[in-house]
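Please look over the two chains slowly before reading on, and keep the picture in view while the paragraphs below take you from one part to the next.

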Amino acid sequence: MLQLISLLVENKPGALMRVNGLLSARGFNIESLTVARTLDPELSRISLVVDIEPAQRAQVIKQMNKLVNVLQAQDLTEAPAVRRELLLLRVRSTQENRAAILKEAEIFGARAVDSSTDGFALEATGDPEKLDEFIEVMKSYGDIEVTRSGLVAVSLEAKKLKLAPPVKKDLEVESQSDGVLK
Amino acid sequence: MSGKLMNGARILLECLAREKVEVIFGYPGGVTLPLYDALYDDAMKHILVRHEQNACFAAEGFARATGKVGVCLATSGPGATNLITALVDALMDSIPVVAITGQVSTKLIGSDAFQEADTFGITRPCTKHNFLVKKLADLPQAIHEAFHLAASGRPGPVLVDIPKDVFQAEMHYTPVSSIHLPGYKVYTEGHAGQIRRAAQLIWESERPMVYAGGGILAAGASDELRQFVEKVDTPAVTTLMALGAMPSGHPNYISMPGMHGSYAANMAMTETDLIIALGVRFDDRVTGRLAAFAPHAKVIHVDIDPAEIGKNRAADVPIVGDVKKVLDKLNEALAEAPQKLEKNAPAREAWRSRVNTWKREHPYDADFTSPQEIKPQHLMAEIDRLSGGEAIVTSDVGQHQMWAAQLIRFNHPRLWINSGGLGAMGFGLPAAIGAQFARPDKLVFSIVGDGGFQMAIPELATIANHALPIKIIIMNNGHLGMVRQWQELFYNNRLSSVQLDSFPDPEKLAGAYGFKGSTVDSPLQLRAALEAAVREPGPYLLNVRVTPFENVYPMVPAGGAINEMVLGPVQPVEVA
């Protein structure tokens with residue numbers, strides 16, 4: 001069953017490897033994955049869709065929360081959240097159907113981002129099902145090529161971010177003291 | 001800039017000194033040359049082992065014997081890859097280890113340079129966390145973070161990979177005053193409401209029992225555990241990882257549960273109405289067939305790792321916390337209302353007496369009196385007699401491990417040292433090296449099979465080198481005994497590649513390293529041979545020829561429920 005997970009991670013080399021490794025070690029296939037910096041440049045947001053057996057879903061979230069580079073892992077599969085995906089699509093067109101393609105794109109809220117004598121490059125956002133439909137429609141006009149971003153999501157619930165506080169390291173002077181000062 | 005100008009190698013040693021590291025087990029190589037140069041005139045003790053895997057096993061032995069972080073050191077490429085088995089071993093058993101590896105210079109990383117391996121990538125799933133330090137400025141932080149991660153929460157191995165040019169670079173060093181790992185959250189206190197609910201379940205229970213594991217050792221909670229067990233007057237089992245967490249002779253103690261656990265432990269686990277699980281993970285070797293495990297029981301599960309709770313068995317009362325603190329609070333809650341504990345006292349007393357009957361009527365296989373051949377159980381009983389519950393015993397993996405766990409008593413935690421989760425052969429001997437360095441005052445037995453011993457033979461040199469008075473006891477049955485047992489029982493006795501011929505002459509072998517060794521094969525001489533080994537001031541290699549076809553019982557067949565134990569050979573062998 002597909003599970004949508006949103007992770008806030010430290011923007012460090014290896015952070016993605018740890019998340020990915022946790023899934024691949026259990027033989028779970030990642031359907032889509034996006035990573036980008038957040039407002040705080042030291043943090044990144046990962047949105048990932050992964051095929052996980054229902055019995056293992058809670059365990060996977062717990063294991064992700066255990067990763068040192070992960071600040072928060074949330075299961076958004078059934079949580080209130082906005083989910084969107086970006087689609088870039090190139091469609092070859094004939095001289096006759098150019099207007100029809102643009103009209104169809106408009107219905108789906110897509111827009112042309114490049115135009116040439118061969119056809120158009122179109123950009124659309126929406127939920128995956130809507131994008132599937134858009135792709136089906138565009139196929140009927142000619143050869144298409146598609147790149148999808150994978151799902152990105154934002155939770156609609158304000159979940160408080162719990163962080164671990166800094167840990168003091170005793171300074172040399174203290175550890176070398178003769179016990180009088182302490 | 002303030003601080004003394006130092007190179008990375010010296011800064012690393014400063015950081016280790018600040019972490020109060022006493023000893024490093026390691027093996028040098030090309031990229032760690034700058035570090036070994038710094039070690040040349042440093043106060044840090046470095047023990048040169050004969051294989052990197054054993055450096056990490058020795059660090060584990062040190063950590064398991066003390067609870068302190070064990071430290072090992074290896075070079076890049078093959079040095080780092082040789083650590084893998086021992087890192088996973090430490091991960092499986094939650095043992096605090098910091099492994100430091102050299103890496104090729106930063107400019108060469110990714111170029112297939114000589115002795116380059118992607119240590120950071122390879123060790124990611126083998127460690128609790130790992131670091132690749134590409135700038136000297138980041139080194140002190142990484143080292144202190146590594147020690148913090150290794151020792152706190154659920155302990156585990158942490159690896160720090162350091163390129164050669166980082167060892168060589170210089171900077172003005174100022175000790176770091178704090179570290180910050182915002183994503184590393186450890187909950188130690190235990191939820192007050194859940195602790196109250198736990199007390200309630202204990203009050204209501206008629207057949208409670210304690211199932212305690214390695215978490216008790218990690219938290220240093222043996223005293224609290226004993227208080228709790230005595231207060232509730234419940235039967236208690238400890239897992240293979242936690243032998244000694246309860247003194248073996250304690251009246252409430254009924255040994256370990258699971259595949260080769262005691263009859264009483266497995267029956268009690270099956271009949272109990274409340275499992276109080278303390279620092280355990282419901283491992284498959286303990287639970288047997290999970291669906292049939294403890295069918296009547298509610299579960300209170302205390303663990304510092306939230307991911308362990310509900311992983312294999314759902315918990316009625318989950319408590320995330322340090323088991324020492326939680327037990328303290330539970331003990332307090334129980335003390336506040338002694339009358340509530342009284343209510344079910346008669347039922348609990350009947351339960352205790354039932355469990356005691358199981359314990360009395362089904363001790364571990366005790367028939368080890370064969371006039372011709374030494375029975376493995378006889379060997380363990382004799383070692384037990386010499387130890388009196390006080391010696392450190394490291395074991396390897398297999399039949400001897402199970403017999404030792406069953407028959408040798410431990411009065412304290414951290415005396416029994418074995419590879420539990422991973423079951424890594426070759427562990428016993430190097431672990432004894434680490435344990436003996438940690439506890440020079442202690443008698444250390446390293447009980448190994450003839451298989452695992454031969455995986456670790458190079459370390460005889462390390463033992464000889466430092467004249468470590470380890471008593472190496474080889475339980476020699478000429479076979480990979482546990483695999484042979486399974487082939488006999490489940491593969492029609494088709495013994496495939498389990499016979500270990502050409503075992504070296506132990507006296508000559510030990511002699512080649514400059515210490516004493518001998519073989520004993522008569523039950524009548526066994527005691528004297530063991531006593532002679534213990535009397536010897538230095539190391540001793542005692543090869544004990546035991547009867548080759550003995551099987552470990554009780555045994556829960558794979559996939560069986562733990563109350564479906566096989567208690568002994570199905571058809572007793574007729575003695576002519």
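Over residues 172-182 of chain A, the pLDDT stays under 50, pLDDT being the predictor's confidence in each residue, from 0 to 100. For this stretch the model has five contacts beyond four places in sequence, where two residues are in contact if their C-beta atoms, placed from the backbone, lie within 7 Å. Where pLDDT is low, the predicted coordinates should not be read in detail. Chain A as a whole averages a pLDDT of 91, and 93% of its residues score at least 70.

Residues are numbered from 1 along each chain as its sequence is written, and chains are lettered from A and ligands numbered from 1 in the order in which they are written.

Chain A holds an open sheet of four strands in the order 2-3-1-4, with antiparallel pairing; two strands pair if DSSP finds at least two bridges between them. Strand 2 (29-37) and strand 4 of chain A stand at the edges with a single partner strand each, so one side of each is left without a neighbour in the sheet. From one strand to the next, the twist averages 15°, with axes taken as lines fitted to C-alpha atoms, for helices over the stretch in contact, and angles running from 0 to 180 degrees between N-to-C directions. Within this sheet, strand 1 (residues 2-10) and strand 3 (residues 43-51) of chain A run antiparallel and are joined by nine bridges, and A:Glu10 stands opposite A:Leu43 in strand 3 of chain A. Helix 2 of chain A packs on the sheet, where it touches strand 1 and strand 4 of chain A, and its direction makes about 165° with that of strand 4 of chain A.

Another open sheet in chain A has four strands in the order 6-7-5-8, and its pairing is antiparallel. Its edge strands, strand 6 (111-115) and strand 8 (144-155) of chain A, each pair on one side only. Eight bridges link strand 5 (residues 81-92) of chain A with strand 7 (residues 119-126) of chain A, and these two run antiparallel; A:Leu89 has A:Leu122 in strand 7 of chain A as its bridge partner. Helix 3 (residues 98-107) of chain A packs on this sheet, touching strand 5, strand 6 and strand 7 of chain A, while helix 4 (residues 128-139) of chain A lies across strand 5, strand 7 and strand 8 of chain A, at about 15° to strand 5 of chain A.

Where do the two chains meet? The contact takes 24 residues from chain A and 23 residues from chain B. Helix 2 of chain A gives the most to the side of chain A that touches chain B, with four residues. That side divides into ten nonpolar, six polar and eight charged residues; here Ala, Val, Leu, Ile, Met, Phe, Trp, Tyr, Cys and Pro count as nonpolar, Asp, Glu, Lys and Arg as charged, and the others, Gly among them, as polar. Strand 9 of chain A also pairs with strand 9 (residues 178-179) of chain B, in the antiparallel sense over two bridges, and the bridge partner of A:Val167 is B:Ile179.In chain B, seven of the seven residues of strand 5 (residues 97-103) are buried, so this strand is largely enclosed by the rest of the structure; a residue is buried if 20 or more other C-beta atoms lie within 10 Å of its own, exposed if 12 or fewer, and partly exposed in between, with C-beta atoms placed from the backbone. Strand 5 of chain B runs parallel to strand 4 (residues 70-74) of chain B, with five bridges between them, and B:Val71 stands opposite B:Val98. The largest nonpolar core has 206 residues, and B:Val97 and B:Val98 are among those with the most contacts inside it; such a core is a set of buried Ala, Val, Leu, Ile, Met, Phe, Trp, Tyr and Cys residues joined through C-beta atoms within 7 Å.

How values were computed:
Predicted model: local features only at pLDDT ≥ 70, side-chain atom pairs only at ≥ 80, totals over all residues.
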